[in-house]
Amino acid sequence: MRTDTPQAIYLKDYTPPAFQIETVDLDISIEAGFACVTASLACQRNPAAADPSASLVLNGEDLKLESVRLDGRPLGQGEYVLCADQLMIHAELPDSFTLTTVSTINPDGNTQLSGLYRSKDGYFTQCEAEGFRRITWFLDRPDVMAKYTVTIHADKAQFPVLLGNGNPVGAGDEEGGRHWAKWEDPFRKPSYLFAMVAAKLDMLEDWFVTKSGRKVRCAVYVEPGKLDQCGHAMAALKKSMKWDEDVFGLEMDLDHYMIVAVGDFNMGAMENKGLNIFNTKYVLARPDTATDIDFQNIDRVVAHEYFHNWTGNRVTCRDWFQLSLKEGLTVFRDQQFGMDMHSAGVTRIQEVRTLRTAQFPEDAGPMAHPIRPASYAEINNFYSATVYEKGAEVIRMIHTLIGKDAFRKGMDLYFARHDGQAVTCEDFVAAMQDASGLDLTQFKRWYNQAGTPKLLVRGAYDAATKRFTLDVEQQYPATAYEKRLEAEGRAVARGAYHLPLVIGLLGADGRELPLRLAGESAAADTQRVLSITEDRQQFVFEDLAEAPVPSLLRGFSAPVVLDYPYSQADLTHLMARDSDAFCRWEAGQRLATDILMAGVAAFQAGSGDTLAWVPAGYVDAMRALLGSAFAPGGDPALVAEALMLPSEVVLIEATEGTVDPDAIHAARLALRRHLANELKGPFAAAYHELKIDAPYSPEATQAGARALRNACLSYIAEVDDAESLALLQNQFDSANNMTDSMAALSALAQFASPARDAALERFLAKWKDEALVVDKWLQVQSTSRAPDTGARVRALLDHPAFDIRNPNKVYALIRAFCAANPKHFHAADGSGYALAADAILQLDALNPQVAARIARSFDRWRKFDTQRQSLARMALVRVQGHDKLSRDVAEIVGKALE
Ligand code: 0A1
Ligand code: ZN
């Protein structure tokens, strides 16, 4: 039995590689039941290596070595050693030489989906972070950058499409109905960006002319028969190319840019040079199969992978500790793209919601880590919300502190200095500092400290002096991460963060008041970026004729928890009048959270049903909110966001002390029902008013109207009478797009009823051959609040529509249940925990990366009552006790139990 957390590797131990590899020549032959890989590596001793006589040690995993040659000479026994996923060359090595290995691999048996693997229509690769070593022996680390050529051989009828990175340089037929193709990538790249495909695929082709007149061929490859679902992805690609030229001056550098969609994929997509491989979820979309959100996600993921071509590929990471160098920056870039393409306010709100649902809990739990961790056991566990989403917030703070123009200069400088290199987060910050002249030394704490800081802000108005004083205090208590470092004797000093606090002040009539800080001669503006650098700071605003309501943390200017003692009247005022869309939304969320927390206490005391905890005026504020969508300048998309009460997951995080998931669920549902009953008329009127007659389009205005209409529908459904059921049924029956169809199905799925069962049955019958729609069918059930959900999820594990080898299915059924259905996952009898543990163990034998993602569901187990804690601990201990546990799951479970 294993009880420990696996061996960690440390950032402080980084040393440059002993060898560099100049060129890689690969020959990959796909045979029946195996693949043969010949790799010729032109190697050179690295003058920067610590040990000038170090031997060559290559990584390899699940490879069967057939032969090794050094400059053509076969090496014999004793000249190399194979040991624990390493090939060590003992033969004497000249300063430069070519090492050629021949190995066989088993892509058909590769259920991990890392390296070369089989999926329905052919063979695909995934090499980030350490998958290349599952294809051939290599110095599999990102600071080894080489030029690659690859020749692929396969059966022509079964796998007519053969793709590699870069440019096609040759192709032909071979004996036995086989064919070959050779690809050459002119850019040096790390091994994690290698890709190849041998498959039967259809292709959509288009062209993009870059700003300097280069014609780029854009191609989207999909499963045969799905060409009618890839137009949106192609359009997104071309929009991304244009945007990166316009906003960052960055041009596409290859003649071919290919996107290949595959149904079996662990993550969203992968930015391999010139040959992106995508989860079908982020490529395929048709109005009747994909929702507005799916269309938006496709835009974002296509843009994200495209933007990586500069931020990640041209300039890459020195080591995996620097992952946020490329990910935080690229997420920031895709967020900015999203804000330009869709509604800026709504996009920002959705990002904040993601951060609060996924990243804040991570920072508060056993897997807490800074955006650049100091150690890890399994790098795949660090493709985290912290590295990605908080990483993007950190870049955004630099953008806010130095301003847009200096940020652009900083990007230009970063590329001028580092194009073609593998660098560190320091290098990026140095470019920003040098371009802006702002000292970012203290700012770098964001890279080394974990945890969500708390900003305690207090305001005081003095009518006599007409001054408003803001006192700002930051708190950053140690997280599990710092406690672990401390226990290991590696504690690092913690200190105050440098962050931008963007603020405005609102008068009683909602006007934005001019802001003049003490010591300044005139009011500069109605919005200011306050630079917070100390544990405690004070800001005094002058010339205020009335007590203002402060609008704080505009645009969510820093990833912190803000604590300000707003009254309910202040919040209602901000909700209705603030000029900042995020702050308007935030005021509503804050108001709802305060009310719901009172509701939770009431339910725990047995008086929840009286609704005495809902303050007078709340229903009116929500009525006004709904009405504002129809006023001149109203934004239905934003109102839809604001009508949504904080999720149970967010409320769990907001709970100080022991979480009671049943009371949280009861209070939230009671408030939804109350609003539904009180605002029955307005919801129905809005629903009818927002009917769209035009043909479906996923663009923002139509999607916004649909979002609000479906938000109304979900409230109408809470009334749960014959009339509301008829409305749901009618929408489900007549919807001409997946957004409306799913909205109706998901409302129906909340009630264990014959109507639900019939709708689910019809939906599956209609869509059983569209894998991504079947995922929706699974998820609508796994996230339902209906009392039979736990049992249904168990039963669905055995349903023919479910496949535990397919990550999308696992995410839809199991992860969604664990992460987005707290009422059932945290069922008091432990059945949710047992279900998760069973799934983790079953998955771990197939796909450790996916198993580890499910294991993260236990992150917050210590926040619950002792009964639930003991059941969660039992489940975790059962997983940990398994004797062949992967490093991936062992790290997660080990940390959870620490
Ligand atoms: N770099 C990709 C994400 C990615 C990471 C790992 C993968 O396999 C283990 C796959 C994709 C991105 O940021 O989009
Ligand atoms: Zn990325």
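Author: We'll take the domains, the ligand, a helix pair and a sheet in turn. This is a predicted model, where local features need pLDDT of at least 70, side-chain atom pairs count only at pLDDT 80 or more, and totals for chains, interfaces and linings use all residues. Residues are numbered from 1 along each chain as its sequence is written, while chains are lettered from A and ligands numbered from 1 in the order in which they are written.

Reader: Which domains does the protein chain have?

Author: The assignment gives domain 1 (1-200), domain 2 (320-447), domain 3 (454-565) and domain 4 (566-718). Such bounds come from an automatic or database domain assignment.

Reader: How many residues surround ligand 1?

Author: 15 residues do, and the closest are Gln126, Glu128, Met267, Met270 and Tyr383. Near here means a C-beta atom, placed from the backbone, within 6 Å.

Reader: Which domains does that shell draw on?

Author: Domain 1 and domain 2 each give at least three residues. Strand E20 (269-270) and helix H2 (292-307) each supply at least two. Helices (H or I, at least four residues) and strands (E, at least two) are DSSP runs, numbered from the N terminus.

Reader: New topic. At what angle do H3 and H5 pack?

Author: About 70 degrees, with the axes 7 Å apart. H3 is residues 323-341 and H5 is residues 385-402. Axes are lines fitted to C-alpha atoms, for helices over the stretch in contact, and angles run from 0 to 180 degrees between N-to-C directions.

Reader: What do you call that arrangement?

Author: That angle makes H3 roughly perpendicular to H5. The cut-offs: under 35 degrees is roughly parallel, over 145 roughly antiparallel, 65 to 115 roughly perpendicular, and the rest oblique. Among the residues making the contact are Leu323 and Phe332 of H3, and Val387 and Ile395 of H5. Contact means C-beta atoms, placed from the backbone, within 7 Å.

Reader: And the sheet: what is its strand order?

Author: E28-E27-E30, an open sheet of three strands with antiparallel pairing. Two strands pair if DSSP finds at least two bridges between them. E28 (528-532) and E30 are the edge strands.

Reader: How many bridges join E27 and E28?

Author: Five, in the antiparallel sense. Pro500 has Ser531 of E28 as its bridge partner. H5 packs on this sheet too, touching E27 and E28.

Reader: Last one. How many residues of domain 3 touch domain 4?

Author: 11 residues of domain 3 are in contact with 10 of domain 4. E27 (499-506) and E30 (549-552) each supply at least two residues on the domain 3 side.

Terms used: Two residues are in contact if their C-beta atoms, placed from the backbone, lie within 7 Å.
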